[in-house]
Amino acid sequence: MGYMTVEEHSSSILHLKRSPGVRSWSLLVGVVSVGLAAAYYSSDSLLWKLFYVTGCLFVAMQNMEEWEEAVFDKTKNMIELKTFSLYARVLTLWKKGHEKVVLDLRHLRDICVQEEKVRYLGKGYLLMLRLATGFSYPLTHNATLGGRSDVEAVATLLKRFLGLEGRQSRFQEEEDEFGEDEAEPLDSSSDSEEEVQL
């Protein structure tokens, strides 16, 4: 499975989706199987057997990746990031589990690949959205293990869709001009102070 799959791609909307991978489902089946085997082969009471199975089920769900979606809408100038966690849904009895973040598309300045350490498994990669406000927000909560190429392909697709290549140089020019404008009044005020002192 790649980093994210394209659900919809038009001139104004790009919809990306990510589901738990094979590793997550394998972990779920493996840990639940351990709980079932412990319950089946133990001579404990029914209450203990139920505890083995539910305990292993909760551990497996806690380590599962989340379902994630990202919608880039040019007409509304909006980035919508959604996550769905099975563990949070079960733990809160279906009251919570959905998380939604809305960002202003006009504040997006750059998209870059970031390396992240994944506990026990090595390195993973994910995309970071860099905003004009100075904040960075990850496109997904979970990093992709292994090759960096899938993540870079999504980054290239997003930059092409949003036209960030040409805009980045324009943003840099605006920042340079803004920096020069701020520096000029400081220089003139220091000259006037020197004249007053003389």
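In the hairpin of strand 3 and strand 4, Asn 77 takes a positive phi near 50°. This hairpin has 4 residues between its strands. The model is predicted. It shows a protein with 5 helices and 9 strands. Read along the sequence, these elements follow the pattern β-β-α-α-β-β-α-β-β-β-β-β-α-α.

- Strand 3 and strand 4 pair in the antiparallel sense. Their pairing runs over 7 bridges.
- Val 71 stands opposite Glu 80 in strand 4.
- Strand 4 also pairs with strand 5, again antiparallel and over 7 bridges.
- On that side, Glu 80 stands opposite Val 102 in strand 5.
- Strand 4 is largely enclosed by the rest of the structure, because 5 of its 7 residues are buried.

**The sheet**

- Strands of a sheet pair through backbone hydrogen bonds, either parallel or antiparallel.
- Here an open sheet of 5 strands has the order 1-2-3-4-5, and its pairing is antiparallel.
- Strand 1 (5-9) and strand 5 (98-104) are the edge strands. Each of them pairs on one side only.
- On average, neighbouring strands of this sheet are turned by 15° against each other, direction ignored.
- Helix 4 (residues 149-162) packs on the sheet. This helix touches strand 1, strand 2 and strand 3. The direction of helix 4 makes about 160° with that of strand 2.

**Strand 2 and its partners**

- Strand 1 and strand 2 run antiparallel and are joined by 4 bridges.
- A hairpin of 3 residues links strand 1 to strand 2.
- Val 6 has Leu 16 in strand 2 as its bridge partner.
- Strand 2 (residues 13-18) also pairs with strand 3 (residues 67-73), in the antiparallel sense and over 6 bridges.
- In this pairing, Arg 18 stands opposite Glu 68 in strand 3.
- In a regular strand the side chains alternate between the two faces of the sheet.

**Nonpolar cores**

- How many residues does the largest nonpolar core have? This core has 31 residues.
- Leu 16, Phe 72, Leu 127 and Leu 139 have the most contacts inside it.
- Several elements each supply at least two residues of this core, among them strand 2, strand 3, strand 4 (78-84), strand 6 (108-118) and strand 7 (122-131).
- Helix 4 gives the largest share of this core, with 7 residues.
- A second, separate core has 8 residues. Val 31, Val 32, Cys 56 and Met 64 are included in it.

**Loop residues**

- Where does Asn 142 lie? Asn 142 sits in the loop between strand 8 (136-138) and strand 9 (144-145).
- Asn 142 counts as buried, because its relative accessibility is 18% and the cut-off for buried is under 20%.
- Not counting residues up to four places away in sequence, Asn 142 touches Tyr 3, Arg 18, Glu 65, Glu 66, Glu 68 and Leu 126.
- Ser 19 is found in the loop between strand 2 and helix 1 (22-41).
- Ser 19 counts as partly exposed, at 34% relative accessibility.
- Ser 19 and Glu 66 are 47 residues apart along the chain. Their C-alpha atoms are separated by 6.7 Å.

**Cysteines**

- A disulfide is a covalent bond between the sulfur atoms of two cysteines.
- A search of the whole structure finds 0 disulfides.
- Cys 56 is buried, with a relative accessible area of 18%.
- Cys 112 also counts as buried, at 18% relative accessibility.

**The whole protein**

- The protein has 198 residues, and 32% of them count as buried.
- Take the contacts between residues at least 6 apart in sequence: 55% of them join residues at least 24 apart.

Notes:
Residues are numbered from 1 along each chain as its sequence is written. This is a predicted model: local features need pLDDT of at least 70, side-chain atom pairs count only at pLDDT 80 or more; totals for chains, interfaces and linings use all residues. Side-chain values use heavy atoms; hydrogens and water are left out. Buried means under 20% relative accessible area, exposed over 50%, partly exposed in between (1.4 Å probe, protein chains only). Contact means heavy atoms within 4.5 Å. Two strands pair if DSSP finds at least two bridges between them. Axes are lines fitted to C-alpha atoms, for helices over the stretch in contact, and angles run from 0 to 180 degrees between N-to-C directions. A nonpolar core is a set of buried Ala, Val, Leu, Ile, Met, Phe, Trp, Tyr and Cys residues joined through side-chain atoms within 4.5 Å. A disulfide is a pair of cysteine sulfur atoms within 2.5 Å.
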